[in-house]
Each structure stands twice: as structure tokens, then as C-alpha cells.
Amino acid sequence: MMAAKLIGLKIRNLRMQAGLAQGTLARRAGISPSYLNLIERNRRPASTVLLDRIAAELAVDRAQLDGEAERRMADEVREVSAELAASERLPELAPAEEFVGHHPGWAALLLRVYRSYQDRDAAVLALADRLEHDPFLRDSVHQMLTHVTSIRSAAEIVYADDTLDAVDSRRFLEIVANDSARLSQTAMALAAFFDSAQTRVRAATPTEKVDALIVESQNYFPELEDYADAVRAAGGPARMLHSPPSFDAAGDAAGSEDRPSPFDRLRAQARDGAAGEVAAILSRHEGFEQDDAACRLATEALFAYAAAAMLMPYEPFHAAAERHRYDPDRLARMFGVSYEQAAHRLTTLRRPGREGVRFAFMRADPSGFISKRLPLPHLPLPRYGNACPLWVIYGAFQTPGMTARAFGALTSGDDFLFFARAVEKQPAMAGGARHLMSIMLACTGDDAARVAAGDGIERRAATVPVGTTCRLCIREACRQRQEPPLVV
């Protein structure tokens, strides 16, 4: 298992950093040196109790040994290698977990360099598209060609015709001078356009920094939960959510179409009331001080978290989730929120001692673009491409408003319950296409009995062999395959 490999490598590296001999650490942890040697070589697993003892002797938190952060990093390294292998032949590589375990700094640098490459690639594509379609650029190039043609024609006449009188010669020279001035103005406008900040392309990197913040925190922020509880104790949300609308003389609610939703109103309130808590959260995580775009995205995400915590307070929501077996439909109706808001709130139930079922969360549009992702251990969600086409997140688009669900077994042997629903983000304009997004939750197969979406599915008979992405899946005979596998 990947986790065991990472745990063994981490114990060995931390022991050597602490200057402890293998026998010394084994004796202090209450095991034999030979058994510790087997653990460090990934030949034997370490129990939770033993990991606690080893962590105490190494003076580190046990979370540093469980390998989850490195496991996520190894998943990303594999994705990067899959992307690169699609365009060029790579030499045989060591397993990603070994690379991360032995060289975590180099692995982190590799991912940063690749994300920078992705950023530059996105900028080039965006600018190329702009060169092709931007009306200003098209018109400017056309004007320059027109002026150049006029100047060249007039200059050739003056140069080649010795019979021109002074009046005609002056007239053609005026054409050259005037079109040269216009050409200069067009060129200056074009240069100013490219120097403008408006041509800068929004990078992918800020989004990934926000993803890292959420994943590292397991999408649970106690400061914002405390803020939401304090506001509710003061009666804030009740006054805001239940204040009656004003009515005009015709008897209609004034501005009812433009009135913000309860979620939007609470998010606006959080921008003032929870600013200190949000700043404290960001100060504990690297990468936001010098990146204004990432800071803005993270700030808005955290204000949205606070609004959700006010609408769906932790303890009542956790109790209702347990009682109704994590059914986003029923929870959405109970708390007066959307299906997506209820589903997303289920991923935040990580309060120590009051944890709920742990879910992965993913949101995608019909093109396959993934706009939100929260992975699970052993279920990496794609960052650089589309997910497995057999996942129900895509099948849900065939029956909008209905829940698609299935058990899926990865090639690693891990199985998960996937369930998804395509929801309409906003009403379609007359004659326009529907704006659908698919919302997917996934939990381990062992947790499926606690989840209503698993009811009525025979787990063994209905489990579908799935992958994460085609490039990382070894099932070559899969009829849904879109790309060749990286490993055969």
C-alpha cells in the first residue's frame, strides 16, 4: 500500500534526522530492532498505537507519520508524469511514492515548476486565441496593412516616375507623410494594448493554492464555526433570513427578482464580521502573502464557508446528517439551502470527536472541466485533466435533477460509493442552453452503509471497475478509454 511505503520512509528519515540508532528507537518504542527495520523497509505495517509511540519518541505529531500529505503529493507527481508521457517518451521512473518519500523537497519543486509551466501554457493559449479573435487586433493589423500598402505605392510612383511635376510629386509625398503618421499611431496603440494589464492572463496557480489550503485543513475551519455559532447565538441569521420583504403599491415584493439569497446575504455579513478569522487562517498558510489573486479567491471561499456554517450550524447539521444518513436532498430541504450547498457542507464535518462520514467532493460542467475538488485518501481527484468517464459525475448529466449512483473499484483494490446530481445553476434564458453543473460526493465502500445513497445497490454485483484518469488506469480493455495508459 502507498501509505505503508510512505510511513516507513518517513520514520526512517525522521529517525536519522534525530540522530537515533535503529536499536535505540526500537527499544524506546517497545519493539525489537528487527521489527522496526521491517517497518522502515515497508515489509511490516505499523499499528496506530505503535505509530503513536514512535511519534512520541521522535518528538513529532503522528500526523507527520501517516503519510497523507505525501500521498497527495505522490498522486500529483503521477498525474504530472502521465501528462508528460502523453507528448514524449519518458525513461523508466521509480514509483512516485518512493520519490516523494526520499526527496520531498525535490517533489514539491517539481510540482511548482510544472504548475508554472501550466500557467505559462495557459497564457500562451489565451493570447493566441486573443490574437485570432480580438476585434481590436484584427482591425489594427488591417489598418497597418492598408497604410503600408498606400505608403509603398506612393513611394514607388515618386521613385520610378521622373516626369512628375512639382504638384503631383508633392501630392504623393503628402500621401506618404499622412499614412506614415497613421501607421505610427496604429502601431503605438497596438503597443499600448500589449503593455496593458488587461492582456494579462489569470493563472491557474492561485486556484491550486486555495485547493491546497482546503485539503490541508480537511475543509474544516474551527474559527469560522465559532464565528457562526456566536452570530447565531446573537440572533443575527434569524433577523437576516426572516426579515419580511417590503412591498410596493401594486402589492408585489419590491425588487424581489434582485434580492440576494440568504446565502449571499450571510456571506456579505461575513465579509465584515469574520474578516479577522479569515486573516488568521491565511496567515498560517504559505503562498498568500505575495499572491493577491490567490488571497482574493481564498478569502471569498472562507467567507462562503462562514455563510454555510451560519445557515447549517455544525451540531444541528451533524445530528440531522446522522439521522437522515447523509442525504443531501433531505438536508437541503430541512435547512433551506441548495443541493450543492448541503452536499458541500457534508464535507466539512471534521470536528474532532464529532466527525461525520468523510466525503470527496467534485463539481464539473458538461465539458468535463472540474471547478471544485476535495479528494479522499486513495481517491485522488484529477487536477490537470478529466476524471474517469465511468464516474457518475458525468452520467448525471443524462438525467438532470436525479441522483446517479454506483460503486466503483479502483485498480488499487479500494472501492468507493459515488453519487452525483446535475443541478441547474441558474434558470436558462428563453432559447438559451441550460446551465448545468454536476455535483458528486464519494465515500469509501466501508462507509456506504451509513449513507442513504448506498441503499438498494448490491455492492458486490453492482461494483463497476473504474480508474482515476485514463492515463493512470491500467485497464487497457476498457471500452470507455479515451487515452492510452502511462503504465502497461
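Which two strands form a hairpin with five residues between them? Strand 1 and strand 2 do so, and Gly 368 in the turn of this hairpin has a positive phi of about 100°. The model is a predicted one, in which local features need pLDDT of at least 70, side-chain atom pairs count only at pLDDT 80 or more, and totals for chains, interfaces and linings use all residues. Residues are numbered from 1 along each chain as its sequence is written, and side-chain values use heavy atoms, with hydrogens and water left out.

The protein chain contains 20 helices and six strands, taken as DSSP runs (H or I, at least four residues, for helices; E, at least two, for strands) numbered from the N terminus. Of its 488 residues, 40% are buried; buried means under 20% relative accessible area, exposed over 50%, and partly exposed in between (1.4 Å probe, protein chains only). Contacts are heavy atoms within 4.5 Å. Among contacts between residues at least 6 apart in sequence, 65% join residues at least 24 apart.

Strand 1 covers residues 360–364, and five of its five residues are buried. In a regular strand the side chains alternate between the two faces of the sheet. Both faces of strand 1 are covered, with Ala 360, Met 362 and Ala 364 on one side and Phe 361 and Arg 363 on the other. Pairing requires at least two DSSP bridges between two strands. Strand 1 runs antiparallel to strand 2 (residues 370–374), to which four bridges join it, and Phe 361 stands opposite Leu 374 of strand 2. Strand 1 also pairs in the antiparallel sense with strand 5 (residues 435–444), over five bridges; here Arg 363 has Ile 439 as its bridge partner.

In helix 3 (residues 33–40), the buried residues are Leu 36, Ile 39 and Glu 40. These residues line one face of helix 3, because they fall within an arc of 95° when seen down its axis; the arc is that of the directions from the helix axis to the C-beta atoms.

Thr 299 belongs to helix 15 (residues 292–311) and is buried, at a relative accessible area of 16%. A polar atom of the Thr 299 side chain lies 2.7 Å from the backbone oxygen of Cys 295. Beyond its neighbours within four places in sequence, Thr 299 is in contact with Val 278 and Leu 282.

The structure holds 20 salt bridges, each defined as a side-chain nitrogen of Lys or Arg within 4 Å of a carboxyl oxygen of Asp or Glu. One of them joins Arg 271 and Glu 300, whose closest N and O atoms are 2.8 Å apart. Arg 271 lies in helix 13 (residues 262–273) and Glu 300 in helix 15, so this pair ties together parts 29 residues apart in sequence. Arg 271 is partly exposed at 35% relative accessibility, as is Glu 300 at 32%.

Glu 315 and Arg 351 meet in another salt bridge (3.1 Å, N to O). This pair links helix 16 (residues 314–323), which holds Glu 315, to the loop between helix 18 (339–346) and strand 1, which holds Arg 351, 36 residues apart. Glu 315 is partly exposed, with a relative accessible area of 33%, whereas Arg 351 is buried at 16%. A salt bridge between Arg 459 and Asp 415 has its closest N and O atoms 2.8 Å apart.

Methods. A polar contact is a pair of N or O atoms within 3.5 Å; within protein, one must be able to donate a hydrogen and the other to accept it, and residues adjacent in sequence count only if both atoms are side-chain atoms.
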